[in-house]
Amino acid sequence: MTDASTQTQYRERVRSLIAERRAAGTFSSRPDSWLRSFDLGFSAAMAERGLLGLSWPRRFGGAEQGAVTRLAVTEELLRAGAPVAAHWIGDRQIGPSILRHGNPQLQEEILPGITSARLVFCLGMSEPDAGSDLAAVTTAAHRVGGGWRLTGRKIWTSNAHLATHAYVLARTDATGRKHEGLSEFVVDMDADGVAVSPIVDMSGEHHFNEVTFEDVFVPEHRLIGEVGNGWRQVVEQLSFERGGPERVLTTYPLLAAVVEGLAGDDRHDAELGGLIARLAALRRLAYAVAERIDRGESPVEQAAALKMLGTTFEVDVIEFARRAGTPDPQTAQLVSQSLLASPGFSIRGGSSEVLLGIIAKGALRRG
Amino acid sequence: MADTRSSEFADELRAVVQDISSRGDAGDVWPTLVELGLAGVGVDEDAGGSGGDLVDLVTLVGELAAAGVSSPIIEASVGAWTTGRPAGDRIASPVDAGDVSVVDGRVTGEVLVRWPEVSETLVLLTRDGIATVALEGPNVSTSPWPTVGAPMGLVRLTGAAASPLPAPPTSDQVRERLAILRSAASVGAGRAAVARTIDYALAREQFGAPLAAIPAVVSAIGMMRAQLDLADAALAGALREDAPRGAAMAARLSAAAMATAVARTAHQLHGAMGVAQEYPLHPLTTALWDLRDADEREAQIARRLGAAARAGGESAVWEHLSA
């Protein structure tokens with residue numbers, strides 16, 4: 001159980017890191033920073049202050065704190081629009097997955113690399129024919145001496161062009177049901193046969209990529225968990241991925257700017273009050289998810305609800321800014337950045353339509 | 001989760017509430033609740049109450065609402081907590097009267113009171129602090145006010161005698177307690193409405209399959225469930241010991257938004273059956289509609305919260321209003 005004073009201490013640590021970098025002129029703030037704002041220097045500074053791998057064992061560079069403490073830290077980072085993209089994927093989900101399922105050699109090799117911000121991870125999940133239907137992946141891995149050979153194509157792989165490693169979901173058995181032949185691997189991005197080509201998005205920014213694997217050798221220890229257990233393992237990962245504050249706070253820097261600019265204009269008080277209440281409720285729901293994770297539970301439906309409602313909130317903030325924001329270039333920039341990023345909010349990490357189904361099926365099952 | 005502080009206590013309460021609500025036509029359930037000591041939950045025993053804290057009261061209010069029992073439990077309990085006088089068959093009813101002033105010990109204005117037949121005292125949250133007014137006194141007249149859910153009356157005060165009630169609690173503290181309890185009742189009624197709707201969608205067949213096989217029905221159920229989870233989380237947030245300033249208002253507004261969504265969707269998915277007087281959906285949905293604007297209107301609370309955000313800036317929003 002994380003007490004309030006521990007949370008406060010960690011929040012202060014983040015705030016002072018940000019304040020220092022602001023003072024030094026090395027801090028950049030923007031909406032959707034956890035995807036688009038890649039800064040190895042910032043991630044290294046986080047590592048120096050013991051802010052990565054917070055819930056992991058100390059022997060891997062962690063701080064043995066809970067998910068609730070990590071929530072306090074990530075909230076403060078996203079509040080400030082901090083450039084956290086370089087360490088985000090490793091810290092949020094790959095590290096925890098390797099901790100739960102990885103063999104000791106893999107843990108020793110990868111986890112300290114994440115907590116020291118030396119390793120950068122990208123997610124090799126979606127494929128041209130497998131988006132919402134993730135189990136339909138056809139990237140295949142077959143056994144060879146000493147490991148595996150991996151062949152296939154991944155798409156929408158954010159920051160693959162900057163990553164040192166890829167998490168890859170691949171099919172190791174195509175004979176049975178599609179959910180049963182999947183396995184998870186950690187692959188070196190500089191291995192022979194790995195090629196990355198950019199996909200520029202509608203904002204003109206490059207974070208998406210297509211990654212092809214052509215007969216890439218993957219050593220045996222780089223298999224995460226068990227062969228054929230990939231689906232169960234990845235579903236668990238998705239709980240971590242969906243249940244965090246990055247599903248609520250993507251456009252917080254814009255909301256902050258609008259609030260600061262309102263001054264005596266009381267015409268929008270009711271709408272603002274409604275948004276603040278939603279923000280409060282969503283932050284509390286994220287907290288409830290983190291608490292359950294700390295209790296060892298898998299809050300799949302709550303995490304789905306948080307993401308589905310949170311991403312709606314993120315977009316409603318933009319609409320509010322249109323109505324109530326002051327007409328200055330800074331706000332206009334924040335609105336533009338947010339708008340161009342916004343179609344992705346309710347699609348990435350589980351589209352809202354799919355999430356609604358997950359929530360409903362859970363409710364109908366218990367009914 | 002907000003509603004299960006001690007599941008044994010909740011289980012006991014649920015059994016008591018089930019027993020009460022199964023006594024056929026609700027009729028006059030209030031005297032029974034008083035007799036069972038439930039009206040005194042959340043008020044110290046040495047103040048004439050039954051003991052227990054706010055979380056116990058939240059559990060009670062939630063269970064009563066989930067069972068579709070309509071009663072002045074919130075008014076009575078908050079009235080007793082505010083005045084220090086235990087609730088009985090007749091109660092002291094809190095009324096948010098922010099635009100009424102007390103001048104030379106007298107008040108003039110019009111206010112809406114819930115459960116007028118059961119109320120003997122108004123506990124007015126006025127511009128000048130809390131003051132009590134006897135409903136049966138001179139210069140006070142009450143007439144019926146149309147509403148859904150709890151019965152209401154319009155009270156005309158023309159220089160009625162008002163006795164000031166010194167703090168504690170303050171008007172804001174009373175508002176906060178009311179907000180939390182209204183949220184608890186909404187979440188209880190919402191939970192029951194969603195459960196009943198899911199049962200119906202699983203049982204009712206059309207086109208050769210349960211309604212639950214229809215994709216649009218699945219989406220609607222998912223949305224109701226998500227809104228309920230959100231309102232529940234907000235309520236749990238308001239019940240924290242160190243709950244920040246905005247937590248009660250946020251819970252109240254989350255509950256109201258959920259109430260609108262759940263009432264609408266529950267009726268929609270029930271089809272015609274849901275509007276029949278005999279079918280037990282309308283006690284839940286009318287309560288949900290009613291609770292949104294009880295004490296203070298949803299829109300008014302939203303304006304207050306927005307004004308506080310504007311006045312305090314981003315740091316107030318982050319630390320106090322949405323924490």
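Q: Contact means heavy atoms within 4.5 Å; by that rule, which residues is His207(A) in contact with, once its neighbours within four places in sequence are left aside?
A: In this predicted model, His207(A) is in contact with Leu35(A), Arg36(A), Thr157(A), Ser158(A), Asn159(A), Ala160(A), His161(A) and Asp201(A). The place of His207(A) itself is in strand E7 of chain A, which covers residues 206-219.

Q: Why is His207(A) called buried?
A: A residue is called buried when its relative accessible area is under 20%. His207(A) has a relative accessible area of 2%, and therefore it is buried.

Q: What makes the pair His207(A) and Ser158(A) a polar contact?
A: The term asks for a pair of N or O atoms within 3.5 Å, one able to donate a hydrogen and the other to accept it. The side chain of His207(A) and the side chain of Ser158(A) make such a contact at 3.1 Å, and Ser158(A) is also one of the residues listed above for His207(A).

Q: Which residues of H12(A) are buried, and what do they pack against?
A: The buried residues are Ser352(A), Leu355(A), Leu356(A), Gly357(A), Ile359(A), Ala360(A), Gly362(A), Ala363(A) and Leu364(A). In chain A, the buried residues of this helix pack against helix H7 (230-242) and helix H10 (300-324), and in chain B they pack against helix H5 (171-203) and helix H6 (215-238).

Q: How do you know whether chain A has the radius of gyration of a compact globule?
A: For 367 residues a compact globule would have a radius of gyration near 21 Å, and chain A has 20 Å, so the value agrees with that of a compact globule. Chain A contains 12 helices and 8 strands, and its C-alpha atoms fill a box of roughly 70 × 45 × 40 Å along the principal axes. Buried residues make up 59% of its 367 residues.

Q: What makes chain B as compact as a globular protein of its length?
A: Chain B comes to 9 helices and 10 strands. Its radius of gyration is 20 Å, close to the 20 Å that the globule rule gives for 323 residues, and so it is as compact as a globular protein of that length. Buried residues make up 54% of the chain. Among contacts in chain B between residues at least 6 apart in sequence, 68% join residues at least 24 apart.

Q: What is the size of the interface between chain B and chain A, and which residues supply much of it on the side of chain B?
A: The size of an interface is often given as the accessible area lost when the parts come together. Chain B and chain A bury about 3300 Å² between them, with 70% of it on carbon and sulfur atoms. Of the area that chain B buries against chain A, Arg310(B), Glu314(B) and Trp318(B) supply 25%, more than any other three residues. In terms of contacts, 40 residues of chain B meet 41 residues of chain A.

Q: Why is Ala15(B) called partly exposed?
A: The term covers values between the limits for buried, under 20%, and exposed, over 50%. Ala15(B), whose place is in helix H1 (residues 7-21) of chain B, has a relative accessible area of 48%, and so it is partly exposed.

Q: Why does Thr121(B) count as buried?
A: Its relative accessibility is 13%, and because buried means under 20%, Thr121(B) counts as buried. Thr121(B) lies in strand E4 (residues 119-126) of chain B, where it touches Ile91(B), Ala92(B), Ser93(B), Thr132(B), Val133(B) and Leu135(B), not counting residues up to four places away in sequence.

Q: How do you know that Thr285(B) is buried?
A: Its relative accessible area is 0%, and since buried means under 20%, Thr285(B) is buried. Thr285(B) is found in helix H8 (residues 282-292) of chain B. Leaving aside neighbours within four places in sequence, Thr285(B) is in contact with Ala263(B) and His267(B). The C-alpha atoms of Thr285(B) and Gly68(B) are separated by 9.2 Å, although these residues are 217 residues apart along the chain.

Key. Residues are numbered from 1 along each chain as its sequence is written. Chains are lettered from A and ligands numbered from 1 in the order in which they are written. This is a predicted model: local features need pLDDT of at least 70, side-chain atom pairs count only at pLDDT 80 or more; totals for chains, interfaces and linings use all residues. Side-chain values use heavy atoms; hydrogens and water are left out. Helices (H or I, at least four residues) and strands (E, at least two) are DSSP runs, numbered from the N terminus. Buried means under 20% relative accessible area, exposed over 50%, partly exposed in between (1.4 Å probe, protein chains only). Contact means heavy atoms within 4.5 Å. The radius of gyration is taken over C-alpha atoms; the globule rule is 2.2 Å times the number of residues to the power 0.38. Buried area is the accessible area (1.4 Å probe) that two parts lose on being put together, summed over both.
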